[in-house]
Amino acid sequence: MAASSMFKLSFFLSLLSHLNLGLWAQTHSSLAIFPPSCNSIECPSFDTIEVGNGYEVRRYNSSEWISTSPIQDISLVEATRTGFLQLFEYIQGKNKYEEKIEMTAPVLSEVSPSDGPFCESSFVVSFYVPKKNQENPPPAEGLHVQKWKTTYVAVRQFSGFVSDDSVGEEAAALKTSLAGTVWSAAIEKSHAVDHTSVYTVAQYNSPFEFDHRVNEIWLSFDLEDGIAV
C-alpha cells in the first residue's frame with residue numbers, strides 16, 4: 001500500500017514539476033518499447049498491427065476513460081498540470097461515490113493546436129479507468145466519461161521529460177514517418193470527418209525514472225474496410 005501511494009505521488013509530481021521538464025536529451029527508435037510502468041500499474045490493452053520506420057500502429061480494445069472539459073492554454077505542460085490535478089483528486093475520492101481508484105497509465109493530453117504561436121490551444125486530459133471500474137466509473141463534477149470503441153492509433157515514442165518545445169516536433173516527425181502509407185490516408189480522412197484532436201501526448205513515467213523513459217505521440221484514426229491488419 002505504501003509503495004502504491006508513493007508511486008501515485010511521484011507520478012503526480014512529474015506532471016506538476018517545472019524544473020525537470022525538457023532538461024534531458026531526447027532519443028528515438030523505430031522499434032517499439034513496452035512502457036516499463038505498465039509492468040507495475042494497469043494500462044489499456046492493445047495489439048500491435050505494424051512496426052514501421054519511426055512509427056507503430058496499434059489497435060486498442062474498447063475501454064472507458066475519465067476526461068476533463070477542454071482546457072484553454074498556450075502550454076501543454078500547464079494544461080496537463082491543470083487537468084491532472086482534477087484527475088488526481090478524482091482518483092483520491094473526489095467523486096460521487098467517494099471511491100478511491102487505482103492509478104493507471106498513461107495519462108493522455110489530447111491537443112487541438114491554435115492557429116498562431118501566441119494563441120491558446122485546446123487540451124483534454126484523460127485517465128484510463130481500471131478494468132474493475134469500467135462498468136460503472138464514478139461520476140464527478142467537471143469530468144466526463146469517454147467510451148472508446150475499438151480504436152486505432154499511430155504511435156511515435158520519445159524519451160526524456162515532455163516539454164512544450166518537443167511535442168510539436170515529435171508530432172511532425174510522426175506524420176513524416178507515416179507519409180505515403182495507408183495509415184496516413186486513414187488518419188487524414190478520420191480527422192477531417194470526426195474533427196478529432198490533431199494529436200495526443202501519452203505520459204507514462206515517474207519523475208524519479210531518469211533512464212528508459214517512454215512518452216508517446218498518438219494519431220488516432222478509424223480503419224476502413226479493405227485495409228488488411
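**A short tour of salt bridges and a nonpolar core**

Hi everyone, let's begin with a pair: Asp-222 and Lys-149 form a salt bridge, with their closest N and O atoms 3.6 Å apart. This pair ties together distant parts of the chain, as the two residues are 73 residues apart. Asp-222 sits in the segment after strand 10, while Lys-149 belongs to the loop between strand 7 and strand 8. Asp-222 is partly exposed at 31% relative accessibility, and Lys-149 is exposed at 53%. Please keep in mind that this is a predicted model.

How many salt bridges does a search of the whole structure find? There are seven. One of them joins the side chains of Glu-56 and Arg-58, at 3.3 Å from N to O. Both partners are buried: Glu-56 has a relative accessible area of 5%, and Arg-58 has 1%. Through shared partners, salt bridges connect Glu-56, Arg-58 and Glu-216 into one network.

Now to the core. The largest nonpolar core has 51 residues, and among those with the most contacts inside it are Val-167, Tyr-199, Val-201 and Ile-217. Helix 2 gives the most to this core, with seven residues. Looking beyond its neighbours within four places in sequence, Ile-217 is in contact with residues including Val-167, Leu-174, Tyr-199 and Val-201.

Last stop: Val-162, in the loop between strand 8 and helix 3. Buried or exposed? Val-162 is buried, at 3% relative accessibility.

How values were computed. Residues numbered from 1 in each chain as written. Predicted model: local features only at pLDDT ≥ 70, side-chain atom pairs only at ≥ 80, totals over all residues. Heavy atoms only, no water. Helix = DSSP H or I, 4+ residues; strand = E, 2+ residues; numbered from the N terminus. Buried < 20%, exposed > 50% of the residue type's maximum accessible area, 1.4 Å probe, protein only. Core = buried A, V, L, I, M, F, W, Y, C linked by side-chain atoms within 4.5 Å. Contact = heavy atoms within 4.5 Å. Salt bridge = Lys/Arg side-chain N within 4 Å of Asp/Glu carboxyl O.
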